[in-house]
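Thanks for coming, everyone. I would like to take a few minutes to walk through the model on the screen, going slowly from one part to the next.

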Amino acid sequence: MPNTNSTARSERGQQPPESLPVDTVAALCTEIHENVGRVIVGHDEVISHVITTILGRGHALLEDVPGVGKTMLARSISTSIDCEFSRVQFTPDLLPADVTGVNVFNQKRREFEFRSGPVFANIVLGDEINRAPPKTQSALLEAMEEGQVTVDGTTRRLPTPFTVIATQNAIEPDRTYELPFAEVDRFMKKLHLGYPDPDEESDMLERTVGHHPIESLEPVTDLETIVRARETVANATVEKPTREYATRLAGYTREHAHIGVSPRGTISLTRAAQARAVSQGRGYVVPDDIKRVAPVVLSHRIRTRDRDRDGESVVERALETVPVE
Amino acid sequence: MSSRSERRAASIDLDGAVGQRSFRALALGGVGVLTASYVRVLHQEVTSVVGGSQTLLALAVASMVAATVLAYTIRPRTAALAALVAAVGGFAYYLSAAGIELGVAIAAWDRLLSDAFTLATGLSILRMVEAGTWAFGFVPGPVFLSWYLAMRKRYVWSVVPGGFALLFLVLTGNAAIPVTLLGTLGGIAAVAFGELARRGGSIAQADILAIAFALMIALSLSVTAVPGGENGGPAFRDVGGPSTLEGAIDGSPSQSDIGGPVDLSPEVRFTATVDEPTYWRTGVYDRFTGDGWIRTGSMSPYDGRLESPPGEYETLVQEIDLETEIQTMPTAAQPLSVESDTVSAAEVSDHGQLHPTETLLEQDSYAVESAVVDPEPAALRTAGTDYPAEIRDSEYRQLPESTAAAFEAETASIVADADTPYEKASAIESHLRSSKGYSLDVEKPSGNVAEKFLLEMDEGYCVYFATAMTQMLRAEDVPARYVTGYGAGQQVDDDEWVVRGLDSHAWVEVYFPDHGWVTFDPTPPGDRQGANADAIQDARESGQSGIDTDQSEDVPIEDEEPDDDPDSTEPDTGNESEQPKENTSETNESEQPNESNGSQSPSTPGGVGEENTDTNAENEGGLLSSLSFETLAIGLSALVAVVAGAHRSGVGSYVSQTAHLYWHGSRKTPAADAVRAYRRLEVLLERSYRPRRESESTREYLAALEEDVDLDPRVERVSETYELATYRGTVSRERADEAIDLVDELARERLPMVGDSGTTSDDH
């Protein structure tokens with residue numbers, strides 16, 4: 001594999017100034033992963049997915065029962081990359097301005113000044129997003145989609161990178177506002193942490209009896225590096241056979257479900273695959289990257305005809321059926 | 001594995017849409033072919049000879065139209081009844097035409113039944129006097145019923161009546177191999193496509209049919225291509241003797257074929273004690289099919305005395321001692337009675353010829369009293385044309401329906417100056433003798449032999465001469481028949497004659513009112529005898545046994561002409577009187593070397609044609625042509641089978657895969673080469689383990705294999721190169737070449753893949 005990478009690099013020729021070498025990014029991913037692993041026990045898959053979501057310019061939706069470490073995951077990642085982190089606890093009475101910020105009249109200066117909301121951060125944890133009313137939800141979702149917020153007619157850009165990690169409470173459905181289907185589509189990935197297995201859990205307990213490890217977690221990189229790594233990911237090669245495979249997969253879901261994967265879903269699929277390829281030290285996407293990310297990228301975008309089946313089974317079936325070449 | 005079956009399933013889905021309509025059309029086509037096959041046999045073999053082709057085709061078409069119209073208006077039971085009525089009606093029509101009253105027929109039902117059996121054991125339909133009528137009665141039933149059932153989509157049942165009709169014609173020996181084959185294939189196609197239509201099969205399944213058809217063709221033809229099976233095939237053709245003259249004449253009890261080149265057999269057949277030289281008649285034929293002669297009518301047991309000629313005749317007593325086995329009973333023309341101590345029974349044809357009921361053995365002997373009709377030419381000239389009804393209405397004036405007008409025109413010009421039947425016969429006889437050469441080495445023409453001989457050929461042998469003359473006479477409305485037998489033979493004593501195989505001959509009998517059948521011989525006598533003498537001499541020099549009797553060795557040969565010929569008449573007489581002299585002189589000439597060898601050459605004055613050769617010749621010529629046809633057909637069908645089989649089994653792609661496995665081919669772009677190298681690798685892996693599933697990526701595939709076996713690191717290297725070429729879009733020349741080399745290595749090592757690893761993980 002190292003050989004491949006060196007060849008890849010040497011044959012790539014001139015690189016855009018901002019992007020990092022693929023190997024560096026891969027090493028960085030490993031580093032961040034290990035760092036996060038000091039706090040989060042297990043959940044390697046999900047950690048990778050979150051890291052690649054950040055690199056792939058996407059947002060992640062974690063759906064889980066409370067208390068499995070969603071917030072801890074987001075915090076440890078943002079600490080690792082030394083970025084600004086904010087957390088919004090969504091409640092039924094949360095207003096859009098509570099998320100985006102508000103113009104406040106400064107008596108001294110006799111003018112309005114903008115007091116930015118929690119959304120102005122590199123990593124925003126939207127906790128229990130489905131508890132907030134739709135209007136508030138949509139304020140966050142607009143920020144996710146546009147990379148900017150508009151308050152009182154003034155549009156303000158959000159910092160780069162900007163990644164939302166939203167959590168959704170899977171229990172108490174009667175006290176939630178379920179995310180509209182169109183808005184779920186804006187999350188690159190929908191992930192499940194799930195409960196740790198017994199070994200992992202006892203390991204976790206051992207770590208947390210004294211000081212919580214999050215307190216002592218050190219950054220392993222900085223924002224600039226992350227921006228450059230995102231450039232590397234964006235430059236990863238997606239050749240025609242790969243693109244066609246992604247298209248075939250999407251086509252399959254459209255044929256075999258009530259609502260299939262949208263074009264936005266296909267874009268997300270490709271970007272997630274790019275991020276995964278780079279995290280594996282590869283400057284180009286192979287079908288396996290697509291296959292690996294497809295379940296988490298596509299499943300939540302599919303509405304099945306049959307209640308007994310869910311999006312995951314459709315994606316699973318697609319991966320088993322659709323020809324790779 | 002799954003990928004392949006999925007692909008197949010997909011393709012079946014695709015062409016399932018091709019539709020039942022085309023299958024139905026094909027099934028109907030199959031029934032049509034089957035119907036056409038037996039109608040064609042009847043047309044080709046029967047009505048084109050005896051006339052009525054138009055009627056036959058009209059009947060067949062009318063039956064089909066009726067079946068189409070009635071297909072949805074009457075019920076199957078009614079249709080079967082209608083077909084039965086048609087069949088019975090046709091049979092009754094035939095009986096009435098044959099002059100048999102229905103009551104008689106019913107009373108003699110056992111005879112009718114036995115007749116049917118006889119027919120089915122190889123008697124040509126043409127042997128029936130009213131063959132044409134029989135064909136008319138035969139056709140409507142099966143045609144109607146099979147087409148009716150086919151229209152109602154009962155394909156299997158529809159093949160039954162058609163199949164029986166064809167089978168019957170096969171058993172009578174009338175259906176030739178290609179037609180039978182075609183009809184059979186038609187029937188099978190009808191059933192097969194009918195099933196496909198009913199069950200909703202797909203075109204993809206037709207390759208099995210192709211294999212089956214090809215197998216049938218190849219098998220059926222190859223059976224007849226086996227040495228010794230030349231005459232085989234579906235027709236129980238009479239097998240000729242072992243390439244001897246008698247083969248043609250004696251070989252077949254009811255027909256005499258016209259063949260190609262023939263050889264002479266010098267073996268002695270019998271010794272005759274008779275006062276005068278005479279032609280030895282063994283067979284009389286009346287119906288000409290265009291390429292052969294058939295004797296119509298039935299045989300009746302000999303019961304003491306035969307009908308004598310209507311006019312004056314002299315009796316001639318002959319004693320025949322057989323020297324070999326023989327299937328005929330040679331007698332001088334118009335036998336009246338026969339006596340024998342050794343031959344228990346004989347039967348008589350409708351034409352007055354004696355036949356043994358079983359093969360005569362070497363020591364058999366019999367005495368025959370014959371009525372020799374030898375009137376003066378003057379008497380024959382005045383005989384007139386007042387033929388008795390049984391002659392006038394018989395087959396003696398039959399010409400094949402297809403006889404060309406040019407033949408009749410040519411005949412008319414030859415007999416332009418002749419007024420009476422006798423003069424016509426003489427004119428034709430002398431014309432043939434003078435205008436055509438004698439040769440045993442002729443290729444049998446296709447089509448009507450008489451026509452071709454008169455109009456196109458320059459030479460032939462007795463069979464050709466006699467056939468042409470008989471047909472020419474008939475064209476002039478003179479009743480004539482084709483007669484086979486032997487020439488007089490070699491005279492070894494005052495009243496003793498040795499007759500050999502090469503004396504076999506064919507000639508003509510012409511009927512004259514108040515006189516009866518008079519012999520004519522259009523074959524130039526001198527040439528024939530020369531050929532015979534040469535053959536005997538050759539045989540003697542080569543020391544062949546059985547070509548001489550004690551007497552014939554010792555006694556100088558003196559040939560005489562038979563008196564039977566209407567020699568006395570001018571042209572004949574002229575020829576005949578010259579004949580003996582020529583013969584004698586030739587004989588003598590040829591004898592001299594023979595004498596020095598201590599043997600004599602026989603000279604047969606009368607007829608030393610070789611007719612037996614016909615059969616042989618036919619066999620040879622037929623074998624040659626049929627071999628080429630069969631070889632061609634076998635080759636073609638084998639090709640079809642191979643192609644279809646390859647398609648079915650995927651051998652073709654396997655072969656090309658294998659070729660690519662070991663040979664990369666010409667280099668192209670690095671990326672293309674890398675991809676090709678990887679494809680070869682996949683084939684290698686597929687053969688060692690399992691094929692990659694379509695939905696499986698390269699990595700998944702290798703990983704899955706890796707679970708069970710340790711893959712060679714080179715495999716991974718090649719697949720990486722492939723990924724670079726395919727998914728990164730660029731790969732270096734060196735990298736691609738390396739991949740090719742690696743795959744070459746792996747192919748040569750035939751994937752030992754480190755360790756034993758014979759464990760294939762089939763599908764998981």
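Predicted model: local features only at pLDDT ≥ 70, side-chain atom pairs only at ≥ 80, totals over all residues.

Let me start with Glu459(B), which is found in strand 13 (residues 459–460) of chain B, where helices (H or I, at least four residues) and strands (E, at least two) are DSSP runs numbered from the N terminus. Residues are numbered from 1 along each chain as its sequence is written, chains are lettered from A and ligands numbered from 1 in the order in which they are written, and side-chain values use heavy atoms, with hydrogens and water left out.

Glu459(B) counts as partly exposed because its relative accessibility is 35%; buried means under 20% relative accessible area, exposed over 50%, and partly exposed in between, with a 1.4 Å probe and protein chains only.

As for chain B as a whole, its secondary structure comes to 27 helices and 18 strands, and 54% of its 764 residues count as buried. Of the contacts in chain B (heavy atoms within 4.5 Å) between residues at least 6 apart in sequence, 79% join residues at least 24 apart.

Arg481(B) lies in strand 14 (residues 480–486) and Glu509(B) in strand 17 (residues 504–512), both of chain B, so the pair ties together parts that are 28 residues apart in sequence. Arg481(B) is buried, with a relative accessible area of 1%, and Glu509(B) is buried too, with a relative accessible area of 1%.

Which residue of chain A forms a salt bridge with Arg699(B)? The partner is Asp288(A), with the closest N and O atoms 3.8 Å apart, and this pair crosses between chains, from helix 25 (residues 698–708) of chain B to helix 12 of chain A. Arg699(B) is partly exposed, with a relative accessible area of 27%, whereas Asp288(A), at 12%, is buried.

Helix 12 (residues 287–298) of chain A is itself mostly covered, with ten of its twelve residues buried, among them Asp288(A) and Asp289(A). The side chain of Asp289(A) meets that of Arg282(A) in a salt bridge of 2.6 Å, N to O, and both Asp289(A) and Arg282(A) are buried.

Conventions
Salt bridge = Lys/Arg side-chain N within 4 Å of Asp/Glu carboxyl O.
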